[in-house]
Amino acid sequence: MFIVSLTYKVPDEIVDYHRPAHMAWVKETFDAGIFLASGRRVPAIGGVLLSGVDRATLDEALARDPFYSNGVADFEVIEFSVTSAAEGYENLLD
């Protein structure tokens, strides 16, 4: 399992300019089964993605994100093993 933390590195107006293309990419990756959850960080300094695919597939998808290809955000990928999950989320277990 992977957590991807995005941190904006450009002014908000540049983030906003690229946001529609980024959101189209998010929909595409959800439709492809790459991500399980996504959302904005609080405060709004970036975003977070949760993925259960292998690292190569994840890296390939992230390379297509307009936030990545246009230098809008830094990406940190954290891998972890899910050893416990709440009822209803057992599908996340390794």
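Okay, one term before we start: a residue is called buried under 20% relative accessible area, exposed over 50%, and partly exposed in between. Keep that in your head, we'll need it for the rings.

So, this is a predicted model. The chain has three helices and four strands, and if you walk along the sequence they come as β-α-β-β-α-α-β.

How big is it overall? The C-alpha atoms fill a box of roughly 40 × 25 × 20 Å along the principal axes. For 94 residues, a compact globule would have a radius of gyration near 12 Å, and this chain has 14 Å, which agrees. Of those 94 residues, 32% count as buried. And among contacts with a separation of 6 or more, 63% join residues 24 or more positions apart.

Now the rings. The count comes to four aromatic pairs. One of them is Tyr 8 with Phe 67, edge-to-face, 5.8 Å centre to centre with 85° between the planes. That pair links distant parts of the chain: Tyr 8 sits in strand 1 and Phe 67 in helix 3, 59 residues apart. Tyr 8 is buried because its relative accessible area is 18%, and Phe 67 is buried too, at 1%.

Then there's Phe 30 and Phe 35. Their ring centres are 6.5 Å apart and the planes are at 55°, so we call that pair tilted. Buried or partly exposed, which is Phe 30? At 30% relative accessibility, Phe 30 counts as partly exposed, whereas Phe 35, at 3%, is buried.

Notes
Residues are numbered from 1 along each chain as its sequence is written. This is a predicted model: local features need pLDDT of at least 70, side-chain atom pairs count only at pLDDT 80 or more; totals for chains, interfaces and linings use all residues. Side-chain values use heavy atoms; hydrogens and water are left out. Helices (H or I, at least four residues) and strands (E, at least two) are DSSP runs, numbered from the N terminus. The radius of gyration is taken over C-alpha atoms; the globule rule is 2.2 Å times the number of residues to the power 0.38. Buried means under 20% relative accessible area, exposed over 50%, partly exposed in between (1.4 Å probe, protein chains only). Contact means heavy atoms within 4.5 Å. Rings of Phe, Tyr and Trp (its six-membered ring) pair if their centres lie within 6.5 Å; planes under 30 degrees apart count as stacked, over 60 as edge-to-face and the rest as tilted.
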